[in-house]
Amino acid sequence: MTTPTADPDHARIPDTAAGGTVILLNGTSSSGKSSLAQALLEVLDGTWFHMPVDAFHAMRCDHPIADEDLQAEIDRTAKGFHRAVAGMAAAGNNLVVDHPLSRRWRLLDLLDLLVPDDTVLVAVRCPLPELERRERERGDRQPGLAALQYGQVHAHGPHDLDLDTSLLSPQESALRIRDFLPDRPRPTAFARLRRTVGNRD
């Protein structure tokens, strides 16, 4: 008895015509990145994925982590998250990425992994008193996390677009990003950052 020949279409890896666009929302905890990401999915044309780093942390098992091991655990998760983002984009998927660049190495790593011309770096800003108010009302964030990140997330250099979520609603911010995308200036912030900081310490 002969074995039927496998359907050749099932064995062919699909072509990727072009890489996807990455909208990287960089802001502190409680700055409104997740709400903005959800608003973007409603107004952007075509298919987009929201990839928040918090979703990757939520995948971790519930075993206790010693205090001295916690930062290494967070860093390892973030490093894997970066590669998941790059892989999805390389396969042609459009992404809204919610990730605070609160440590310099995160930016340096992403500069190596993402295509600069396909990456839109958005500064999601909010005054510190408003961040602290939101943090208290949420009750699901480490107290003081926004203040800890406040001086770090936007310290690395230029962004393509700056938004203040204390002045703009998520919907207004999303529309500004949508309208910015078709004719965004070149070189992009990622292209400029790759030239100026690259893999330097």
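Modeller: Arg-60 is partly exposed, for its relative accessible area is 26%; buried stands for under 20%, exposed for over 50%, and partly exposed for what lies in between, with a 1.4 Å probe and protein chains only. The model is predicted, so to speak of a local feature requires a pLDDT of at least 70 and side-chain atom pairs count only at pLDDT 80 or more, while totals for chains, interfaces and linings use all residues. Residues are numbered from 1 along each chain as its sequence is written, and side-chain values use heavy atoms, with hydrogens and water left out.

The partner of Arg-60 is Glu-73: the two form a salt bridge in which the closest N and O atoms are 3.2 Å apart. This pair links distant parts of the chain, since Arg-60 sits in the loop between α3 and α4 whereas Glu-73 belongs to helix α4, 13 residues apart. The term salt bridge requires a side-chain nitrogen of Lys or Arg within 4 Å of a carboxyl oxygen of Asp or Glu. The element names follow DSSP runs numbered from the N terminus, with helices (H or I) of at least four residues and strands (E) of at least two.

The structure holds zero disulfides, a disulfide being a pair of cysteine sulfur atoms within 2.5 Å.

Phe-56 and Phe-81 form an edge-to-face aromatic pair, with 5.0 Å from centre to centre and 75° between the planes. Phe-56 lies in helix α3 (residues 53-58) and Phe-81 in helix α4 (residues 67-90), so the pair ties together parts that are 25 residues apart in sequence. A pair of aromatic rings is described by the distance of the centres and the angle of the planes. Rings of Phe, Tyr and Trp (its six-membered ring) pair if their centres lie within 6.5 Å; planes under 30 degrees apart are stacked, those over 60 are edge-to-face, and the rest are tilted. Phe-56, at 23% relative accessibility, is partly exposed, whereas Phe-81, at 1%, is buried. The structure holds one aromatic pair.

Helix α4 has a neighbour in helix α5 (residues 104-113): their axes come within 10 Å and cross at roughly 25°. Such axes are lines fitted to C-alpha atoms, for helices over the stretch in contact, and the angles run from 0 to 180 degrees between N-to-C directions. The helices α4 and α5 are therefore roughly parallel to each other, as angles under 35 degrees are so classed, with over 145 roughly antiparallel, 65 to 115 roughly perpendicular and the rest oblique.

Let us now turn to the other salt bridges. The structure holds nine salt bridges. In one of them, the side chains of Asp-98 and Lys-33 meet at 3.9 Å, N to O. That pair links distant parts of the chain, with Asp-98 in strand β3 (residues 94-98) and Lys-33 in helix α2 (residues 33-43), 65 residues apart. Both Asp-98 and Lys-33 are buried.

Arg-133 and Glu-130 form another salt bridge, their closest N and O atoms being 2.6 Å apart. Because they are three residues apart in helix α6 (residues 128-138), about one helical turn separates Arg-133 and Glu-130. Arg-133 is partly exposed at 31% relative accessibility, and Glu-130 is partly exposed at 21%. A network of salt bridges links Glu-130, Arg-133, Arg-134 and Glu-137.

Ser-30 has a positive phi of about 70° although it is not a glycine; Ser-30 is in the loop between β1 (22-26) and α2, and counts as buried at 6% relative accessibility. The peptide bond from Arg-186 to Pro-187 is cis, with omega near 0°, and Pro-187 lies in the loop between α8 (170-180) and α9 (189-196).

Finally, the whole chain gives the setting. The protein has nine helices and five strands, and its C-alpha trace spans about 75 × 45 × 35 Å along the principal axes. Of its 201 residues, 40% are buried.
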